Structure formats: structure tokens, C-alpha cells
Amino acid sequence: MTGSVETTCCVAGGGPAGLMLGFLLARAGVDVVVLEKHGDFLRDFRGDTIHPSTMQVMHELGLLDEFLKLAHQKVPQIIAQFGVTALRLADFRHLPVAAPFIAMMPQWDFLGFLAGHAQAIPSFQLRMQTEATGLMRDGGRIVGVRAAGSEGEIEVRARLTIAADGRDSTLRDAAGLVADDLGAPIDVLWLRLSRQAGDTDRT
Ligand SMILES: Cc1cc2nc3c(=O)[nH]c(=O)nc-3n(C[C@H](O)[C@H](O)[C@H](O)COP(=O)(O)OP(=O)(O)OC[C@H]3O[C@@H](n4cnc5c(N)ncnc54)[C@H](O)[C@@H]3O)c2cc1C
């Protein structure tokens, strides 16, 4: 073991859930350490849509104007073309929110933006390339996380430990918690198409 850190809240996982929670807690003055096992946020196909409800939260946090300066494409409505018939599937324009559209933006830009703002708060610490490997216990209580970082093993002692390490959560397993599998009624085929300069929103 090469190090130990003491904090109020340890969040394992720097995805949307972990980073947003870490940001909100730090903003409220709570000491937070977020552990992210990867060295960057560049996971492909992890979502390209930022929804109006998410942007409403960003608006309430005073971040929306700056957020929308990041490269994105606005999708105010979704229209599907079936042969000659254009069918409007969704129209966000009437929503009573600050940004009534979907913003097409890679998840890594969203996470980078959030991490940048969180890291400006002194009570927030993000440790990249640090993988939570297990829980620390004291009697029946969980008192932190064991992790493996680029500099070796560390212990992060915390009053509150949050497992935000995704659907195959290591910490959930370590805690003996069992997720309810609700099944998925649909499969999604996800692919990237090129967009030419002359393409319209309909092509
Ligand atoms: C193909 C695909 C397309 C999607 N498209 C969209 C979309 O367009 N719009 C949208 O809103 N949502 C989309 N989603 C859903 C969205 O990606 C998830 O809802 C969201 O990423 C869940 O966030 P999370 O923070 O809970 O988990 P995750 O995003 O899984 O984040 C978990 C984080 O924890 C890290 N981690 C894992 N294990 C450890 C560990 N032991 N220690 C430390 N860190 C660890 C991971 O590296 C990861 O960064 C899509 C999902 C998929 C799979």
C-alpha cells in the first residue's frame, strides 16, 4: 500500500453520475474524491445526446451558456422519413426549459466540461487512472475504498462511499448488493454516418 487519503465522500466512477454528484457535493462544500479508472473520458459510443432536462440542470447551475459554447448540433425535433412520408416523432420546441432541444455532443466533451468546473472547487479531487478494487470495512460499516492507481495501491477513507462505477459495478458486488435486472425490450444499433457540407437536417 503506497498511500492513503481521507475525505468526506468517495465516489468510485467518473462517468456522468459520479462526476455530476461529485460536482454537486463539492459545490455544497463537501470534500469529495472521485476515482476514475481510465486516464481520460474518451469512450466511444457512450452517448451523443444531451437532453433538455440535463441542460435545464446545467442552466440552474449557471453553466448552460458556457456549456453551449462547446461544439454541438441542435436537434429541436426528430423526424423519421418512411418512403415519402415524413413522420414527426418528437418535438422539443414547446418544452418550458432553457434549452428546448437535444444537443448532439460526445459524452467526453460533457464530462470534460463538468470535470473542469468541478476541479475549480477546492473541495473536489478527481483521481484519474485510479481503479476502485474493493471496499474497506470497520465492523459492519463501509469506511472507504481500496484502489489501484498509477503510483500503486491507495486507501481512500470516507464517511460516505458511492458506487458510480457503471453497470458492472465492482463496488456493488463487493457490498453484496444485487441489482434488479429489468430486461431491455429493445436493442439499439448504433453507428456513425458521415455528414457532408451540403446535407440538410433531413438528409
Ligand atoms: C451505446 C450507448 C449509447 C448511449 N447513448 C446515450 C445518449 O445518446 N444519451 C444519453 O443521455 N445516454 C446515452 N447512453 C447511456 C449513458 O451512456 C449512460 O446512462 C451513462 O453513461 C451512465 O452513467 P454512469 O455514470 O452511471 O455510468 P458510466 O457512464 O458507465 O460511468 C462509470 C464510470 O466508472 C468508471 N469505472 C468503472 N469501474 C470503475 C472502478 N472499479 N473504479 C473507478 N472507476 C470505474 C468507468 O470508466 C466510467 O467512466 C448510452 C449508452 C450506451 C451504452
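**Exercise 1. Determine how many salt bridges and how many polar contacts link domain 1 and domain 2.**

Solution.
Step 1. Across the interface of domain 1 and domain 2 in this predicted model, the rule finds zero salt bridges, a salt bridge requiring a side-chain nitrogen of Lys or Arg within 4 Å of a carboxyl oxygen of Asp or Glu.
Step 2. Polar contact, in turn, is found for two residue pairs across this interface, both at pLDDT 80 or more.

**Exercise 2. Identify the elements and the kinds of residue that form the side of domain 1 touching domain 2.**

Solution.
Step 1. Two or more residues are given to this side by helix H1 (16-27) and by helix H4 (107-119).
Step 2. H4 supplies the largest share, six residues.
Step 3. Sorted by kind, the residues of this side comprise seven nonpolar, two polar and two charged.

**Exercise 3. Locate the two domains and state the distance between their centres.**

Solution.
Step 1. The domain assignment places residues 1-44 and 106-179 in domain 1, and residues 48-105 in domain 2.
Step 2. Taken over C-alpha atoms, the centres of domain 1 and domain 2 are separated by 29 Å.

**Exercise 4. Describe the extent of the interface and name the residues of domain 1 that lose the most area to domain 2.**

Solution.
Step 1. Eleven residues of domain 1 contact eleven residues of domain 2.
Step 2. Between the two domains about 980 Å² is buried, and carbon and sulfur atoms give 80% of this area.
Step 3. On the side of domain 1, the most area is lost by Pro106, Phe110 and Phe113, which together account for 53% of what that side buries.

Terms used:
Residues are numbered from 1 along each chain as its sequence is written. This is a predicted model: local features need pLDDT of at least 70, side-chain atom pairs count only at pLDDT 80 or more; totals for chains, interfaces and linings use all residues. Side-chain values use heavy atoms; hydrogens and water are left out. Domain bounds come from an automatic or database domain assignment. Contact means heavy atoms within 4.5 Å. Buried area is the accessible area (1.4 Å probe) that two parts lose on being put together, summed over both. A polar contact is a pair of N or O atoms within 3.5 Å; within protein, one must be able to donate a hydrogen and the other to accept it, and residues adjacent in sequence count only if both atoms are side-chain atoms. Helices (H or I, at least four residues) and strands (E, at least two) are DSSP runs, numbered from the N terminus. Ala, Val, Leu, Ile, Met, Phe, Trp, Tyr, Cys and Pro count as nonpolar, Asp, Glu, Lys and Arg as charged, and the others, Gly among them, as polar.
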